[in-house]
Amino acid sequence: MPNIKPISDLRNYTAVINEVRYGNRVYLTRNGHGQCAIIDMKELDELDKQKALYQLMNKLNEAEVSIREEGTVSAEALEAELGVRG
């Protein structure tokens, strides 16, 4: 069950922070509406890694589609276009 508290509970910051654990976020509300969340740093790091992996996989999928639809360029053609001399 979500741990939801009014933002005014931050007056007792230590008590709120003590409730934050991996997998147990504390959601803060203002005037009954969600305002922010406090999460464990390890959980945040994992979320950042998952986001980066998702973005990488998305770019790889875009590249695969581009290869299927547009094809590739040979190494020789690329070198010629870049003006590289071997």
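1. Let's start with I38, which sits in strand β3, a stretch covering residues 33-38. Keep in mind that this is a predicted model. Leaving out neighbours within four places in sequence, I38 is in contact with L10, V16, I17, V20, R25, V26 and L28.

2. As background, nonpolar side chains in soluble globular proteins tend to be buried together.

3. Now try a jump along the chain. I38 and A77 are 39 residues apart in sequence, and their C-alpha atoms are 53 Å apart in space.

4. On to charges: how many salt bridges are there? The count comes to 3. One of them joins the side chains of K5 and E19, at 3.3 Å from N to O. K5 is in strand β1 (residues 3-6) and E19 is in the loop between α1 and β2, so this pair ties together parts 14 residues apart in sequence. K5 is buried at 15% relative accessible area, while E19 is partly exposed at 25%.

5. The side chains of E43 and R25 also meet in a salt bridge, at 3.0 Å from N to O. This pair links distant parts of the chain, with E43 in helix α2 (residues 41-70) and R25 in the loop between α1 and β2, 18 residues apart. E43 counts as buried, with 10% relative accessibility.

6. Finally, E62 and K59 form a salt bridge at 3.9 Å, N to O. Both lie in helix α2, 3 residues apart, or about one turn of the helix. K59 counts as exposed at 55% relative accessibility, and E62 is partly exposed at 42%.

Note on methods. Residues numbered from 1 in each chain as written. Predicted model: local features only at pLDDT ≥ 70, side-chain atom pairs only at ≥ 80, totals over all residues. Heavy atoms only, no water. Helix = DSSP H or I, 4+ residues; strand = E, 2+ residues; numbered from the N terminus. Contact = heavy atoms within 4.5 Å. Salt bridge = Lys/Arg side-chain N within 4 Å of Asp/Glu carboxyl O. Buried < 20%, exposed > 50% of the residue type's maximum accessible area, 1.4 Å probe, protein only.
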